[in-house]
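Hi,

Here is the structure I promised to pass on.

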Amino acid sequence: MELRTYFQSYENYFWEWKTDEDVPGDAGYNDHNLLSVPGVGAIAYRPYVMEILKELQPQGWPPFGALLMVLYAMQDGYVDFAGPLRRTADFYSTGNFEFNAEKEIEFLEKIRLLPAIYKQKQNKVALLQTLFHNGHNRISALLADANLKVYYKRPYELAVSAEKQHAGPSVLNRDLSALDLNEKFPTVQSIMDAMKGFIEEPELDDEVIEEETTADTDNDFIRELIEEPKTFQVGSLIKRIWSGLKIPMRHLSPGEQPVGGISDMTNKGDFHRMLLSEFANEDEVFMNRVANNEALYIQREIPPEENIFERIILIDTSLRNWGTPKVLAFASAIAIIRHPKAHSQCKVMALGQAALPVSLQKVEDVVDNLNQVSPVLEVSEALEKFFSEQHTEKDIEVFLLPIRKIWPMKKFSGSFIRIEIDSNFW
């Protein structure tokens, strides 16, 4: 089965391709980057699904529709797989073909009832490998590997697959047969037991000692954000922001740092920092070198001092920042908090009619706080109150997000805003 056929979408089917214009696609192709259940909600973004298929490649791929329904059933919160499956089965039940999706719905309900820890991080991959191991209608590992190579070389071929066709009875039968696993897994406990025997190391019991939704490392947390459809946009931006973000260095031990050396050499600088050798040139050559920025200057190291400030991140939730700017603001805030060089605690506050503290430590917190909006047009009043009444101390370091405007510093004496982002990033 070639790439286009495997990802082909169909009319009146239980899944479809969509395009989210605010999210960059993987492999340089931005169209058709979201998979969803028609009229219900998102299943997952394409980059995440492709990562799942990479993990499943060594054992072969299950039918694409079956894989999407299992991924959808793994989601927390409200999911409706029964309605779309029944509608699809009814639509394609004609003539000699009578489809009934009740057994498949019963199996997906078991997936939904699994403890959350079995559907998170690497356990999610182990669950999929367990369910589809030697399953019906899977394509071989060799063909799956070939399809992956074609996809990353020519991702635009998905445009053909996104054009819906009429599905023959064999298409729906292929997906439903792969989901008819009630005999293999009669209970929820049987799925959990099968997972323990499927993965060799580390064992599942060792991996899930404590049922905790937070990630142990920054990368785990970012991966969780990407896996959750509601926070995918935020999670996918964090590492991109890291590439252009410069966090001010914290000097924790000033007495141990070198002083008096040369920290930089450049072709721009003050006259008194010019290299002595430049004065050896004749006047005409010297002026020519200065005019053409060819003269060399040095910067000596400045004796470091402790700069341990309280770091506060303010997120503007006013009317002008609804939508994409707010997503960028939350992504920037998490990037600052989780930056490899940021070893201090940060407070995060949402600015609207007032400054309200928010938490971004868990995926659930990010989902909840992304819904925070304020009806005010701009937050200058709340910002002035924040500096003049709530935080009048000098030892604070404030980031105002999204980065559209640096407010006049004279209004907020005793505090300062330090935001450094590479201009090429934007």
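A quick definition before the findings: two strands count as paired if DSSP finds at least two bridges between them. Helices (H or I, at least four residues) and strands (E, at least two) are DSSP runs, numbered from the N terminus.

Keep in mind that this is a predicted model, where local features need pLDDT of at least 70 and side-chain atom pairs count only at pLDDT 80 or more, while totals for chains, interfaces and linings use all residues. Residues are numbered from 1 along each chain as its sequence is written, and side-chain values use heavy atoms, with hydrogens and water left out.

Three strands make an open sheet in the order 1-2-3, with antiparallel pairing. Strand 1 (16–18) and strand 3 (41–45) are the edges; each has a single partner strand, so one side of each lacks a neighbour in the sheet. On average, neighbouring strands are turned by 40° against each other, direction ignored. (Axes are lines fitted to C-alpha atoms, for helices over the stretch in contact, and angles run from 0 to 180 degrees between N-to-C directions.) Helix 3 (residues 64–73) packs on this sheet and touches strand 1, strand 2 and strand 3, its direction making about 110° with that of strand 3. Contact here means heavy atoms within 4.5 Å.

As for the pairings, strand 1 and strand 2 (residues 34–37) share three bridges: glutamate 16 has serine 36 as its bridge partner, and lysine 18 stands opposite leucine 34. Strand 2 and strand 3 pair over four bridges, and leucine 34 has tyrosine 45 as its bridge partner in strand 3. The hairpin of strand 2 and strand 3 has three residues between the strands, and glycine 39 takes a positive phi near 75° there.

How is strand 2 covered on its faces? Leu34 and Ser36 on one side, and Leu35 and Val37 on the other, are all buried. (Buried is under 20% relative accessible area, exposed over 50%, partly exposed in between, with a 1.4 Å probe and protein chains only.) Serine 36 counts as buried because its relative accessibility is 4%. Leaving out residues up to four places away in sequence, serine 36 touches Phe14, Trp15, Glu16, Lys18, Gly41, Ala42 and Ile43.

One last item: isoleucine 226 sits in helix 12 (residues 218–227) and counts as partly exposed, at 27% relative accessibility. Its C-alpha atom is separated by 7.3 Å from that of tyrosine 48, 178 residues apart along the chain.

Cheers
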